[in-house]
Structures are given as C-alpha cells and as structure tokens.
Amino acid sequence: MTIPSKNSWTYLVPTGWDEESAIEHFQGKSFEEAFSLIEDNALFYSEDFYYMPKKPFQFYIKAFVEYLVSEKSNGDSDAPSCFLALFEYILDEKGEFLSNIEGILDNCLAHIAHNQNWYDADASIYGDFHNRVGEIRSRWSHA
C-alpha cells in the first residue's frame, strides 16, 4: 500500500479546522502509524475520516478496519459505534468513497454485527450493532 501523496490531500474548497486536523493527524503516515493512532484513541481519530479526501480515506480506513477486527479493539465500545456512524455518513454523503474497498468494509461490518459483547458495547447505550449493520447493509445495497 502506498501512502497517499501530499497532492491527495488537496481540497477544491478552502479547508477549515476539521480538514486541517485530519491532515495534521494522518498526512504522510504509514498504515502502521495510522493503526497506532487509532489504537491509542479511536474515538478521537475517527472524526478525521469525515474530512479526508477520497484517496486518503480509502487508505487510512483500512487501518481503522484492521483495528476493529484485531484483538486490540477488545473492550473498545466507542470504536465500532464511531465506525458505524462514519459508514452511515459516507454512504449518505460520499458514496463514491466506498468503491474498491467494499469487501474489507463488509467483512468489518459482519465482525461488528456479531461481536457487540466482545467490544463491551451496551446495546442500551450504543444500539444493537446487529440491527445497525442490517440497516446499513440494506441502504448500501440500494445506493
């Protein structure tokens, strides 16, 4: 995997604080460095994905996915919930970002749907992951 170039981060409109934060946190980072950031604080860094251009998003979301399906995310109740919310947003606003990475995303969704207890994510707080994933998949198949 090739780290997205600085040109991949160029925005067509002037950037705001959120875009600058995503650039500061992720630009030039390797997959392993991005994984470490997410492992350190998935809740905090997940917000950056909303403000990434397509190429960086498609590169760095793989680190988020890898974290979610790894042993390191055990007990991290916020990470899968943030991922599901991000997925819903991308599906609604930037559906083209999902092209060419559907397989890894779908595998991650399946993992989240079947491992709510493993993440220690109380359904009364985070909602039922199985249902949330079902709704996402239904919307995704109609997009």
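C82 counts as buried, because its relative accessibility is 16% and buried means under 20% relative accessible area, with exposed over 50% and partly exposed in between, for a 1.4 Å probe and protein chains only. The other cysteine to consider here, C108, is also buried, at 1% relative accessibility. This is a predicted model, in which local features need pLDDT of at least 70 and side-chain atom pairs count only at pLDDT 80 or more, while totals for chains, interfaces and linings use all residues. Residues are numbered from 1 along each chain as its sequence is written, and side-chain values use heavy atoms, with hydrogens and water left out.

A disulfide is a covalent bond between the sulfur atoms of two cysteines, and here it is taken as a pair of cysteine sulfur atoms within 2.5 Å. The sulfur of C82 has its closest cysteine sulfur in C108, 12 Å away, which is too far for a bond, and the count of disulfides comes to zero.

The helices (DSSP runs of H or I with at least four residues, numbered from the N terminus) can be followed through α3, whose 16 residues should span 22 Å at 1.5 Å a residue, in agreement with the 22 Å between its end C-alpha atoms; the expected span is 1.5 Å times one less than the number of residues. Among the buried residues of α3 are F57, F59, I61 and F64, and the buried residues of this helix pack against α1, α2, α4 and α5.

Leaving aside neighbours within four places in sequence, P53 is in contact (heavy atoms within 4.5 Å) with S8, W9, Y11 and F97.

In helix α1 (residues 17-26) lies E19, which touches Y11 and Y51 when residues up to four places away in sequence are not counted. E19 is buried yet has no salt bridge, and the nearest side chain of opposite charge, K94, is 7.1 Å away; a salt bridge needs a side-chain nitrogen of Lys or Arg within 4 Å of a carboxyl oxygen of Asp or Glu.

Finally, the structure holds 17 aromatic pairs, meaning rings of Phe, Tyr and Trp (its six-membered ring) with centres within 6.5 Å, where planes under 30 degrees apart count as stacked, over 60 as edge-to-face and the rest as tilted. One of them joins F26 and Y45 edge-to-face, 6.1 Å centre to centre and with 90° between the planes. Because F26 lies in helix α1 and Y45 in helix α2, the pair ties together parts that are 19 residues apart in sequence.

Key. Helices (H or I, at least four residues) and strands (E, at least two) are DSSP runs, numbered from the N terminus. Lys and Arg count as positive and Asp and Glu as negative; His and the chain ends are not counted.
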